[in-house]
Amino acid sequence: MSGIRGTTWEALRARRRALGRLAAWSVAESLPALLSGLFVARAVDRGFLAGQFGAGLAWLAGLAVAVLVGAAATGRVYRSLGDVVEPFRDELAARVVHAALRDATRPDSRPDSAAVARLTHQVEVVRDTFGGLLLVVRGFLFTAGAALLGLLALAPPLAGAVTAPLLVGLAVFGAALPAMVAHQRAQVAAGEELGRSAASALAGHRDVVACGAQDRVVAGVGRRVSAQADAERSLARMTAVRSLSLGLGGWLPVVVLVLAAPWLVRHGLSTGAVLGALVYVTTGLQPALHAVVRGVGGGGLRYAVTLDRILRACPPPGPGPRRPAAADPAPRPPTVPGPVPRPPTVSGPAARPVAAPPAIRLRGLTFRYGPHARPVLADLTLTVADGEHLAVVGPSGAGKSTLAALAAGLVPPESGTVHLAGTPVAATPPEALARLRVLVPQEAYVRSGTLADNLRYLHPEVDDATVTAAVDALGARPLVTRLGGLDAEIDPAALSAGERQLVAAVRAYLAPAPLVVLDEATCHLDPTLEATVERAFARRPGTLVVIAHRISSAARARRVLVFDGDRPLLGTHDELLVRSPTYRELVGHWQDEAPPPRVPLARA
C-alpha cells in the first residue's frame, strides 16, 4: 500500500495549483449546503409562521440564488478535476508504454500481451476511479463541513448531537477499509487463478482424458471455484460493514433529531431551527457520507488494486537493476553424445516374458467423423508387440492422430476392436486405461503449481532421485535449472510450447503405464533434443509409438507404419523405401528441407 499512497500523494503534490482551483470552486459549490438549513429556518420562523409570507419567499429566493451559484461552480469543479486527473493518467500510460518497450527490446525477450490490457483497460480504470475518489472525498469534506458550520450557526447543541454519530460511522468505515482492500485483492487474485486453471485444463483436455486425470483436474478447478466463491462471499460481507457505517453516520442523526424535537421545542428551540437542522442532515451530511462510503468502498478498492498491479508490473523509468523477466529463455541443452544410461531407479513397467500379450492389437478398425464422411481408417488390423518401438508417418490429414486417439481409447471406433495388453478398450474405464497407456499430444498440458508436482502428475509416489534421473535422461536439466529447481512454482502461460512439451515428456516417462504414445509430442523441440527424448523413451521398459514429425523419428524406430493412400503399410525403414512410393516421397521431402535453425528451447 505504501507504493499506492506514495504515487497518489506525488500525483496530487505535483498539481497543487490545479488542486487549489478545485478547492476554490468547491467552496462556491458548497454554498447551498452552508445556507440551506439556515435560510429554511429563517423562512419558517420569520416568514411563514410569523405571517410574513413575502419574507418567507424572500429567504427561499436567497437559497435559490445560492443553488444557482453552486450549480455554476460545479462546472468549474469538473474542469479543475480534469486538470488533476488527466495528467496522472498520461503519466501512468507513459510508464506502461516505457516498461513494455524496455521489455520488448531486451535481448531474448518475449512479447507481453498483458501490456495491452494494462494500457487499454487498467490505466483507464485508475483514471476513472482516481477522478471518482477525488470527487467524492472533496465533496464530503466541503459539503459535510459546510453543513456542520451552518448547523453550528443555527443551533450549537444540535451540531454536537449530529457530529458524534457521524464520527462514529466514519470510524467504523475507516477501521474496516484495510480489510476491504485485502478482500478485494483476494477476490481479484482468486478470479485470475480460476481463469488460468480453467484455461489450462481446457487447453490440455485431450491430455487429461488420455491420462485418466479428469477427476483430479476437475477437483483442482473445483478448489479454485470454491476459493473464488469464498472470496466473493468475504467481499459481500464487507458490504454489511459499509451499511453499518452508513446507518450510524447517516441515519442515526436523523433519528436523534426526530426523537429530540419535542424536547428541543419545549426548551426554546424554534420550529424553523428544528426543520433547518433536518435539512442540514438529510440534504447535506447524509448524501455526502453515502457518497464517500460508497465511492471509497467501491471505486477506491478498484483504484488501489488496479494501481498496485500497474506499479508492480511497470517499474518507473530510470537506471536500476534489471527487472527479472517472467520467463527468460532457457539455454540450449547440450548435445547428448550418446545414449544416457538409465538409472536403475527410474520407474517403469517390469520387463515382460516373451508370452506377454501384444501391447496394441487392432482388429478390423474403421472410423469416420460423420455418418456420410469418407472413412479415415477402414478395416485396419495392426499388432504392436510388447516392447516394440513403432513410428507412424504419412501426409497431413491421413489419420495418424486419429489412430493414436483410437489406440488410446479416447474415441470409439465405428467398427472393430482395440485391445491394450490384452484388455479390451471399449469395456475399460478411463482410470484403468490410464494404468495401461499414456498419450502425450502436441499441445502439452501443464498446470499451475510446482515443477515437481507437474512431473509427478501421473505417478505421485515417485521419489526425488527417480525424478532427477528422468530429468537428466530426457535432457531437461537446463530447463529445470532455469525455472529454479523442482520446487519452483511455474506459470504455464510463461512457458514456451517447447518447454511445455518437455515437461509433459518427463511426466510421461515417469508414468507407470507400459505403453507411451507420442502424438507429435516433440514437434516444438529442436532435432537434437527431440532425438534425446525419443532415445530415452526407447530405452524405457515398455512399448513406444511415435507419430513422427521428422523422418529421423521414423529412422530411429524398429518398425514404421506409413499411411500410403488407402493401404497402410508396415515395415522397417529400409523395407518401406522399396515398397512404398509415399514413404519415399516423405523421406525425400523431409530430407530436402533446410535444417531448422538451432534456437534455444524457450523460442521453440
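Residues are numbered from 1 along each chain as its sequence is written, and side-chain values use heavy atoms, without hydrogens and water. Local features need pLDDT of at least 70, side-chain atom pairs count only at pLDDT 80 or more, and totals for chains, interfaces and linings use all residues.

The protein averages a pLDDT (the predictor's confidence in each residue, from 0 to 100) of 81, and 85% of the residues score at least 70. Over residues 319-353 the pLDDT is below 50, although this stretch has 62 contacts (heavy atoms within 4.5 Å) beyond near neighbours in sequence. Where pLDDT is low, the predicted coordinates should not be read in detail.

Four strands form an open sheet in the order S2-S1-S4-S5, with antiparallel pairing; strands are DSSP runs of E with at least two residues, helices runs of H or I with at least four, both numbered from the N terminus. Strands pair if DSSP finds at least two bridges between them. At the edges are S2 (377-384) and S5 (423-424), each pairing on one side only. S1 (residues 360-367) pairs with S2 over five bridges, and Phe-367 stands opposite Leu-377 in S2.

Elsewhere, helices H15 (residues 497-510) and H16 (residues 527-539) pack at about 10°, their axes 11 Å apart. Axes are lines fitted to C-alpha atoms, for helices over the stretch in contact, and angles run from 0 to 180 degrees between N-to-C directions. H15 and H16 are therefore roughly parallel, as angles under 35 degrees count as such. Contributors to the contact include Leu-502 of H15 and Phe-537 of H16.

Note on methods:
Parallel < 35°, antiparallel > 145°, perpendicular 65-115°, else oblique.
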